[in-house]
Amino acid sequence: MTGFVNSLAWLCRFGLFVLPGHHAGFSVVPVLVLAGTLAVVVLFSLGIGGAPIDSVKIILHLAHKTGLAGSGVDDFTARILDSLRLPRIVRAVVIGGVLGIAGAVMQSLFRNPIADPGIIGVSASAACGAVAMIVCGPEILGRFYPLVGPYGVPVAAFAGAVLATMMIRALSRQEGYTDAALMLLIGVAINAIAIAGVGIFTYLANDMQLRSLTFWQMGSVSGGGQADWPALLVMLAGAGYLLTLGTPLNLFLLGEAEARHLGIEVEALKRRATIITALVVGAAVAISGIIAFVGLLAPHLVRLVCGPDNRTVLPASALCGAILLVLADAVARVIVLPAELPIGLVTGIFGGPFFLFLLLREKKRRRI
């Protein structure tokens, strides 16, 4: 009983749990507001770029595509929307949503407000797999390399993420249990090893390969066409599962012993949440490269408005992550016209100071 009270006090102090009588439970209004904001941001992002497009034309084109209007826009505008901007914005919505959910799940799972999907080394390991395929694929696969085609690099990135997850999972188990704190530290070590691997392959790359490596190190949502579909489907399926973890994660935040007494299979929850989070983050890296800080920012911004209940935080973090990445992509496309700034640099410019703010706030509250 004393442990339960201490855990409850700890969670209240960290803003991860609210007492009865306070705001709690799934909140529809903020989720609807965020969904409406996402629609406005998507419309805004479709309109800006090297060739600005009026919002009325965008709405008319979308209405024509969905059969709600008899006539659409001119062919030039339609090609810009259909071939360039819509596909990358769809990728930004899915990837940003997945990173937002993954960040919320990681912060609850580790009971650490500065946890991020990349902190356990999955993003860096996926990038290491992709870089290894770019540099060593032609030598290892030989004449079969062209047959692998555009699927080779995403598959290698996905394999890197899965391998890192399996290693972290195996090394963090003690006497049949998974230690979340140990898992976090092992993830940091795996992250450092993967970054070193990326550095080694970068050193071995030739001039043409270095251009491709820049994509994985700085991030982009320009995508690879139909080769992205398998990874996008994995992300959507994984995000659908993670959205169901709101109530179990709320109980997990009370403490592992208390969660077991309340009927939660703690080990199974940690195992499933970690593996699925790693898979969706690895799939995201397979498409976009490393995009930092979205998984850190989105849950914190949501908790400022919606409170700490994961039943609201998880879907709201998905929408907030999508909004952040669509906005970052819009900035990346216009800030250095006619060139394009890698989106990872944009998220780093805004996310780095926010991460520093979180650290200083936690230091002020004597939590670190």
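I began with helix α4 (residues 75-109) and helix α10 (residues 229-242), whose axes come within 10 Å and cross at roughly 35°. The axes are lines fitted to C-alpha atoms over the stretch in contact, with angles from 0 to 180 degrees between N-to-C directions. Helices are DSSP runs (H or I, at least four residues) numbered from the N terminus.

I noted that the model is predicted: local features need pLDDT of at least 70 and side-chain atom pairs pLDDT 80 or more, while totals for chains, interfaces and linings use all residues. Residues are numbered from 1 along each chain as its sequence is written, and side-chain values use heavy atoms, without hydrogens and water.

I listed the contact residues (heavy atoms within 4.5 Å): α4 supplies V94, I95, V98, I101 and V105, and α10 supplies L232, M235, L236, A239 and L242.

Buried means under 20% relative accessible area with a 1.4 Å probe, protein chains only. Of its 91 residues, I95, V105, M235 and L325 touch the most other members. Helix α4 gives the most to this core, with 14 residues. Beyond four places in sequence, V105 touches L242, L249, A273, T277 and L314.

Lastly, I checked G121, in the loop between α4 and α5 (122-141). G121 is buried, with a relative accessible area of 0%. Leaving aside neighbours within four places in sequence, G121 contacts A164, G187, I190 and N191. The C-alpha atoms of G121 and I190 are separated by 5.3 Å, at 69 residues apart along the chain.

Conventions:
Helix = DSSP H or I, 4+ residues; strand = E, 2+ residues; numbered from the N terminus. Core = buried A, V, L, I, M, F, W, Y, C linked by side-chain atoms within 4.5 Å. Buried < 20%, exposed > 50% of the residue type's maximum accessible area, 1.4 Å probe, protein only.
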